[in-house]
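Hello,

Here is the model we talked about. Please open it alongside this email; my notes follow below.

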Amino acid sequence: MEKRSGQGGPAFQEDEEMEEEDKAPDMEAWERAYADDRSWESLIEDESGLLKAGDDVQQQRQHRRRLIQASGPRIQRGIIRYLCLILDFSRAAGEIDFRPSRMAVVAKAVEDFVREYFDQNPLSQLGIIVMKNGIASVVTELSGSPEAHIRALKSNLESFGEASLQNGLELAHTYVQHIPSYGHREVVIVFSALSTCDPGNILETVKKCKAARMKCSVVGLTAEIYICKHISQETGGSYAVAMNEGHLKEILLEHVPPPAAMPDASSASLVRMGFPQRGSEGAVAICACHKELRIGGGYICPRCRARVCELPTECSLCGLALVSSAHLARSYHHLFPIPTFDELLVDASLRGKSSFAGSCFGCRIQLSGGGSLRLRCPRCKRDFCFDCDVYIHESLHNCPGCETLQEEAVT
Amino acid sequence: MKFVIEGLTVYFPYEFIYREQYAYMVELKHALDARGHCLLEMPTGTGKTITLLSLITSYQLANPSLAKLIYCTRTVHEMEKVLDELRRLHLYQEKEIGSSRAKILALGLSSRKNLCIHPVVSSETSRESVDAGCRKLTASWVRAAAETNPDIETCSFYQGYEKQGSEQPLPPGVYTLHDLRVYGRQRGWCPYFLARQMIQFANVVVYNYQYLLDPKVSGIISKEMQKECIVVFDEAHNIDNVCIEALSVNLRQNNLDGASRNIHKLNQIISRFKETDANRLRQEYNRLVEGLAQQGNLHGSDNWLANPVLPEDILREAVPGNIRRAEHFVAFLQRAVQYLRERLDTDTVVKEGPVSFTTTMSTAAGLDQKALKFCYDRLHSLLLTLEVTEIDEFLHVQTVCNFLTLVGTYTRGFSIIIEPYDERMPHIPDPVLQLSCLDASLAIKPVFDRFQSVVITSGTLSPIDLYPRLLNFNPVIIHSFTMTLTRDCLCPMILARGSDQLPVSSKFDMRSDPGVVRNYGRLLLEMVATVPDGVVCFFVSYSYMDGIINSWNEMGILQEVMQHKLVFIETQDYVETTLALENFRQACDCGRGAVFFSVARGKVAEGIDFDRHYGRLVIMFGVPFQYTLSKILNARLEYLRDTFQIKEGDFLTFDAVRQAAQCVGRVIRSKADYGMMIFADKRYNLPNKRNKLPQWIQSQLREEHLNLSTDMAVHIAREFLRRMAQPSDPQVSKSTLLSQEDLEKMAAMPNF
């Protein structure tokens with residue numbers, strides 16, 4: 001069990017740390033700070049030509065608005081998702097209004113998205129389709145391994161020709177048809193081009209997608225395009241256009257949390273799943289996914305005893321969905337989210353009062369100084385700073401205030 | 001919602017009202033209170049129509065002495081839109097104050113072509129043939145003959161109307177043209193004659209400009225309107241041109257040939273009548289001796305040709321002796337046609353005033369001015385006497401008489417220009433004799449004089465102070481409203497330089513410069529690669545458009561454009577253009593994207609909307625000046641300078657800029673919409689052009705959007721499109737709307 005967890009979730013955390021270390025030597029400290037948050041982009045030029053730094057508090061509010069929209073009331077969510085990522089690598093993706101090119105930026109954002117997606121939806125699968133030269137081609141089949149997707153995507157980076165939304169959707173449609181009914185069928189299109197060059201009537205395809213209960217969302221890179229809006233509206237997806245690189249990442253990550261469950265799938269149904277054991281060190285077995293002899297590691301399917309390398313996945317012999325219990329546990333917080341914190345408006349009249357002094361319950365930073373929003377948990381009535389709010393809602397999924405309250409109650 | 005403006009309760013069918021709508025109502029009410037005329041400019045997309053209707057009908061409710069609202073539109077489509085809005089308003093009023101008090105009768109009136117329900121006649125294609133078809137079935141002598149002889153065909157709908165409909169008024173309500181046709185079918189009544197009868201009783205009449213401005217039509221239709229009417233001219237930015245066209249006549253070779261044939265035919269009919277029914281002709285002679293004025297009391301369906309000159313210019317006296325007899329009159333016409341034919345046969349351009357023209361005419365051909373004046377009425381009388389029903393065959397002789405009457409009546413404000421060929425195609429002989437009205441105020445003067453309040457309104461009336469001078473009237477209120485926007489959804493830009501930093505312009509000496517053509521092409525290419533869905537381009541003229549598209553094709557620019565978007569072109573053929581528009585829309589709908597090439601002052605620029613994704617960008621290539629070598633334009637400029645002290649340059653710029661504004665205004669039809677406008681000519685950068693743009697464009701024209709080059713424009717466009725693609729905040733858009741409480745609060749404040 002311990003070993004397994006060492007290989008499962010935190011594996012990519014390690015990777016990220018590795019990357020950080022890789023980056024560090026060829027970039028000086030002062031450079032790094034700017035490279036990360038791109039502070040020059042938030043500069044605003046006023047009428048007289050003076051430069052002003054962007055409003056921190058305003059940005060924080062904007063960030064929170066997104067959070068609030070995402071949360072909503074406690075709802076049933078579709079934990080098992082099958083998501084088709086359609087990427088546009090047509091000629092337009094070679095444009096350089098995003099540096100170094102739209103395609104590179106998209107690839108980077110998609111990489112982050114894929115990792116985050118599997119981190120938050122361990123039971124779900126994802127496949128990547130690329131549109132270029134007028135046709136749509138499969139890069140990776142629907143599967144569960146983030147690394148495989150990212151690897152395949154990186155080896156596929158070139159852009160030419162036209163984009164055809166219809167071909168992309170048709171291909172995704174054939175994909176999703178085999179998905180079991182409990183799975184959520186989703187399509188996320190990352191679209192750089194401004195037009196789609198279709199062999200037939202795309203409106204028919206949209207109808208077909210709607211009938212197949214595919215939820216198609218579009219992330220645009222350039223401008224609002226009518227057909228994209230139409231697709232997303234018809235199929236119940238969302239449509240957003242990226243303002244800049246950061247925003248692109250942000251709107252792509254909006255597709256990470258699991259969506260609300262489909263209204264007609266409300267009846268409970270059982271899904272057969274296997275919880276494989278970690279193979280013992282030094283055991284020699286033929287790996288079912290790589291078709292070659294491997295020594296040690298891997299997981300053994302509880303039904304057919306085949307060896308697989310990564311979790312979660314589908315057993316390539318008997319087709320059983322293989323997950324670890326840790327994955328299931330990680331999906332738990334989507335079902336019982338912590339409430340969004342309320343923003344307390346800092347009123348000049350209140351500032352001096354004792355109730356408004358004090359510090360963030362999470363990190364003990366002084367909240368009275370300004371520069372950060374003051375946010376209060378509606379359950380435990382403790383105040384937090386903006387950074388802690390983000391950490392609690394996006395990573396921790398537990399409110400420290402409420403937890404301590406519970407402990408106090410127990411003791 | 002219901003609110004009070006200075007003591008007047010206004011019923012408004014929506015829950016919220018824009019600030020500018022409220023301001024518009026206040027100004028309009030002041031004008032109505034003062035019983036004067038007004039000139040109001042408010043951008044499209046702010047709900048001008050409903051504002052007007054709402055205030056004026058509420059005003060009617062409060063002041064029953066007010067007779068009618070006469071709402072003039074330019075097209076049938078607009079007419080139907082107005083009536084739809086009015087229906088919504090009416091339903092709301094009924095809900096608020098009960099159906100007994102809110103009783104109104106509103107109807108649209110159009111030509112027979114749009115209203116006829118006769119199965120055979122209504123299938124005719126042209127307006128004239130429907131009119132003629134109707135007359136064949138409904139003329140008084142036809143019906144009289146049908147009573148004795150059942151073989152003669154009549155129109156059952158007209159008979160039905162004649163029997164019952166003419167006494168019974170329509171039940172109150174709002175009738176669109178479609179409703180009238182449906183009602184007519186149900187009852188078996190003729191909708192056209194019903195509508196014409198009912199406009200006397202209606203509170204609101206919606207019809208075309210022509211019905212008030214063109215004396216040939218208004219004499220029949222709008223004669224009985226009371227003084228206490230409010231007249232609204234909507235979309236009136238071209239009203240001066242409508243006025244001028246109403247009083248202008250062009251004669252070409254084929255008109256004169258046709259007129260000769262008509263005269264020949266008239267001769268035949270006269271000689272036939274002489275043998276069979278000489279008495280009739282004698283009766284007519286006697287009637288003419290008594291004067292045309294008494295010839296009234298004609299039957300309803302028979303008054304179909306009214307005099308082309310304005311009512312007060314018609315002499316109430318007897319027809320001169322030399323044209324009283326039918327054969328004399330026909331001979332007179334024959335001489336006139338012969339004379340015109342001689343004048344037309346010339347190698348040089350001739351320009352004359354009406355006085356010298358009639359003088360030479362009387363000395364050379366013995367056609368005296370007094371007789372000329374009566375030509376039109378005399379022809380009308382003759383055709384009636386001869387019981388001619390195929391009026392569509394006699395169009396040419398009508399045109400000639402129209403010309404003769406106008407020339408005989410007016411001594412000022414007109415000019416006669418004879419051109420042997422078109423300036424632009426000197427090798428093709430195409431002689432034309434033009435009687436051109438130079439003074440827009442002539443046709444509209446009776447409207448200003450007759451009615452209590454005339455409202456002239458449009459989205460683009462800038463510079464607004466020129467209109468009172470052009471139309472020669474004194475408005476009590478002149479106001480230009482700006483639009484309150486929730487976000488900067490308009491992005492006008494002035495592009496003065498191409499990608500190579502050289503100036504671009506459609507100026508005559510620069511327009512064929514390959515550098516300019518290439519720069520324009522690069523601009524289009526960059527833009528179609530940046531802007532999604534629909535793009536509309538306007539050129540200054542057809543010939544310029546043809547030339548530049550040709551060059552682009554040779555340079556390979558067009559092929560590159562086609563990689564991004566499909567290309568559609570407006571042609572002078574109406575059907576072809578309609579088809580192109582339809583395909584353009586389809587290409588925008590399915591995401592392929594399309595460009596539409598069109599011409600300023602063309603059909604598309606005047607009547608077609610490119611709202612939402614159909615027009616995300618409009619590029620105006622060049623400044624759409626009128627063809628300055630045109631003789632007619634020069635005559636008009638001269639007249640304007642001498643009579644109204646309007647400088648030539650001022651008028652030309654005014655006219656060009658209003659056309660440009662009209663073109664670019666096509667892309668934005670509501671506040672939720674967004675669009676960019678590029679004025680691609682360095683001359684727009686000059687303050688004298690820029691300051692003539694409508695207020696609502698100028699207020700969005702930021703300093704940094706002037707004098708751009710192509711690459712800068714592309715950058716601005718990218719940023720703008722990204723910004724506009726972000727979801728709009730509903731909280732913010734609320735702030736430009738006023739609710740009932742807001743208005744009550746405002747009313748409570750005394751100094752608002």
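Domain bounds here come from an automatic or database domain assignment. Domain 1 of chain B puts 21 residues into the contact with domain 3 of chain B, which puts in 22 residues. Contact means heavy atoms within 4.5 Å.

Before going further, note that this is a predicted model: local features need pLDDT of at least 70, side-chain atom pairs count only at pLDDT 80 or more, and totals for chains, interfaces and linings use all residues. Residues are numbered from 1 along each chain as its sequence is written, chains are lettered from A and ligands numbered from 1 in the order in which they are written, and side-chain values use heavy atoms, with hydrogens and water left out.

Back to the two domains. Domain 1 and domain 3 of chain B bury about 1900 Å² between them, and carbon and sulfur atoms give 53% of it. Buried area is the accessible area (1.4 Å probe) that two parts lose on being put together, summed over both. On the domain 1 side, Thr460(B), Arg469(B) and Leu470(B) lose the most area to domain 3 of chain B, together 25% of what that side buries. The rule finds 3 salt bridges across this interface. A salt bridge is a side-chain nitrogen of Lys or Arg within 4 Å of a carboxyl oxygen of Asp or Glu. Asp240(B) and Arg636(B) also pair through their side chains in a salt bridge, at 3.4 Å from N to O.

Next, the two chains. Chain A gives 24 residues to their contact and chain B gives 23 residues. About 1900 Å² is buried between chain A and chain B, 49% of it on carbon and sulfur atoms. Leu194(A), Glu224(A) and Tyr226(A) supply 33% of the area that chain A buries against chain B, more than any other three residues.

The rule finds 4 between chain A and chain B, and the count over all chains comes to 46. Side chains of opposite charge can pair when their charged atoms come close. Asp97(A) bridges to Arg722(B), with the closest N and O atoms 2.9 Å apart. Arg616(B) and Glu224(A) form another salt bridge (3.2 Å, N to O). Arg616(B) lies in the loop between helix H26 (603–607) and strand E20 (617–621) of chain B, and Glu224(A) in the loop between strand E7 (215–220) and helix H9 (226–235) of chain A, so the pair joins two chains. Helices (H or I, at least four residues) and strands (E, at least two) are DSSP runs, numbered from the N terminus.

Now the cavities. The whole structure has 4 cavities of 30 Å³ or more. A cavity is a set of points, on a 1 Å grid over the protein atoms alone, where a 1.4 Å probe fits but cannot get out; lining residues have an atom within 4 Å of a point. Grid points are joined across faces, edges and corners, and a volume is the space filled by probe spheres set on the points.

The largest cavity holds about 90 Å³. Its lining has 13 residues, with Cys116(B), His118(B), Cys134(B), Cys155(B) and Cys190(B) nearest the centre. Helix H5 (127–138) and helix H9 (191–198) of chain B are the elements that give two or more residues to this lining. H5(B) gives the most, with 3 residues. By class, the lining is 10 nonpolar, 2 polar and 1 charged. Ala, Val, Leu, Ile, Met, Phe, Trp, Tyr, Cys and Pro count as nonpolar, Asp, Glu, Lys and Arg as charged, and the others, Gly among them, as polar.

The second largest cavity has a volume of about 70 Å³. Its lining includes Thr44(B), Thr460(B), Arg666(B) and Trp696(B). Domain 1 and domain 3 of chain B each give at least three residues to that lining.

Best wishes

Terms used
On a 1 Å grid over the protein atoms alone, a cavity is a set of points where a 1.4 Å probe fits but cannot get out, and a pocket is an open set with protein on both sides within 12 Å along at least five of seven lines; lining residues have an atom within 4 Å of a point.
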